[in-house]
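Take a look at the model below, and then follow the notes one topic at a time.

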Amino acid sequence: MCVNRVFCVSLQPEKQYLNIMATINVDVKNVLGTVTAEQIQALDPEAASALEKLHKGTGLGNDFLGWVNLPSEITDAHLADIEATAKALNDECDYIVAVGIGGSYLGAKAVIEALADQFAQLRPMDDPRRCRVLFAGQNIGEDYLNELQDFLADKKFGIIVISKSGTTTEPAIAFRLLKEQLEKQVGKETAARRIVAITDEKKGALRQLATEEGYKTFIIPDNVGGRFSVLTPVGLLPIAAAGYDIRALVEGARAMQAATVAEGDGNLSWLYATTRNALYRAGKKIEIMVNYNPKLHFFGEWWKQLYGESEGKDHKGIFPASVDFSTDLHSMGQWIQDGERTIFETVLSVEEVAHNTVIPSDDANLDGLNYLAGKRVDEVNKMAELGTRIAHVDGGVPVIRVTIPALKEKYLGELIYFFEKACGISGYLLEVNPFNQPGVEDYKRNMFALLEKPGYEEATAAIKSRI
Ligand code: PA5
């Protein structure tokens, strides 16, 4: 194994690694005090087998591998259809409510939050930075829904309703409420024009409703699970509706698809998957996804679902957590520095921020900050990152660092595919089926039983006898 490569693998364009224009960077040198390069490399044969299972479809859950070649299979016509639908919604609506949960929510939310102005929702209507996309159906909060409906009462709005199964309770409740409201506000015909449904091609209640009501629809492919669906219309339509460049997003994912085909630690997904599994086998059971940019908060949420739902099975799996630094250094910093040594960090680092803000000098200097005068805020942030990394490594927390040049669609597309591919490899390294989620059904069964859903009579009697 090339030591330099293990220390820091880069796919920057000038290096033309594998002649592929992907730009993110993975640096694992700060795990080497906990595991050796040889321990990481020892996983290579298993990683080769995992990669082959993903490429040849010979592993567990192989009916859910549609995401593997998805970026390169997306056609221009498909993107044009999504863009035209987003435009039609925007032409008619000031707000678009994306209704969905889990994999039908987090990818779009993560990308939009990463790209959007932080105060987008507060901007005036005519400000191009304003974000039109709101979210619903990602919780069962009565107050959330009530306040959203109240906000929308005098607004021109449309709905993108997203559910692969078409039967998930949270989005179904939100959609029922919003559909009724929209129909009351603008009439059934206009409402039908302002509603787009993204669901299974044939089955499920949402498909049936969409057909009956004549909604524009997009299909979630059968072989793409919810948490791997951000590059289908599930993610692409809300992202396009929010005004972002889905072609660049897909282009980034394509570059990463091409860059993660080969075996070996030059494949960033391979490197990340083998490193985190070497750490897991060395007793590091918890991975904390760290960002130093508040715009990445929801990227951490998306990542947690991807890894948590894919790996937490058969009483195995790295527990995925996430924090926003430096904010959470003031709440979780103590635990991370000095608590039980079962954690490692993956830091998501953004090289260039979008704006330039310089700290001013102050004559009185009562806060003692003049030593920072003239420096950019991001320079302070970068030093916070570096100082924290050194402190955490010194404190026994191995750190993987994933760097992207900037928060732009192309790099986010790379990052999404990078984590998806690594997740597939990693799940097979753990010897679980990374593409099912049987555990998610248990709470639903109990909830339906408690709510006395027809068909759950026996379960209702059983659960009521326990409370
Ligand atoms: O990844 C998954 O499969 C889940 O998180 C689903 O996306 C989530 O439960 C929503 O399901 P659906 O799209 O069927 O409403």
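**A briefing on the model**

D27 is buried, because its relative accessible area is 7% and buried means under 20%. Keep in mind that this is a predicted model.

**D27 and its partner**
- You can find D27 in strand β2, which covers residues 25–27.
- The side chains of D27 and K29 are joined by a polar contact of 2.6 Å.

**A nonpolar patch on the surface**
- Three residues, M383, L386 and I390, form a nonpolar patch on the surface.
- Together, M383, L386 and I390 have about 270 Å² of accessible area.
- I390 sits in helix α16, which spans residues 377–394.
- I390 counts as partly exposed because its relative accessible area is 46%, which falls between the 20% and 50% cut-offs.

**Around the ligand**
- There are 13 residues around the ligand, and S104, S163, S165, T168 and Q305 come nearest.
- In the side chain of T168, an N or O atom is 2.5 Å from an oxygen atom of the ligand.
- For S104, the distance from a side-chain N or O atom to an oxygen atom of the ligand is 2.6 Å.
- The side chain of E309 has an N or O atom 2.8 Å from an oxygen atom of the ligand.
- On its own, the ligand has 380 Å² of accessible area, and the protein covers 88% of that.

Notes
Residues are numbered from 1 along each chain as its sequence is written. This is a predicted model: local features need pLDDT of at least 70, side-chain atom pairs count only at pLDDT 80 or more; totals for chains, interfaces and linings use all residues. Side-chain values use heavy atoms; hydrogens and water are left out. Helices (H or I, at least four residues) and strands (E, at least two) are DSSP runs, numbered from the N terminus. Buried means under 20% relative accessible area, exposed over 50%, partly exposed in between (1.4 Å probe, protein chains only). A polar contact is a pair of N or O atoms within 3.5 Å; within protein, one must be able to donate a hydrogen and the other to accept it, and residues adjacent in sequence count only if both atoms are side-chain atoms. Patches are made of residues with over 30% relative accessible area and no salt bridge: like charges are joined within 9 Å, nonpolar side chains (Val, Leu, Ile, Met, Phe, Trp, Tyr) within 5 Å. Accessible areas come from the Shrake-Rupley method with a 1.4 Å probe; for residues, only the protein chains shown count as cover. A salt bridge is a side-chain nitrogen of Lys or Arg within 4 Å of a carboxyl oxygen of Asp or Glu. A residue is near a molecule or strand if one of its heavy atoms lies within 4 Å of it.
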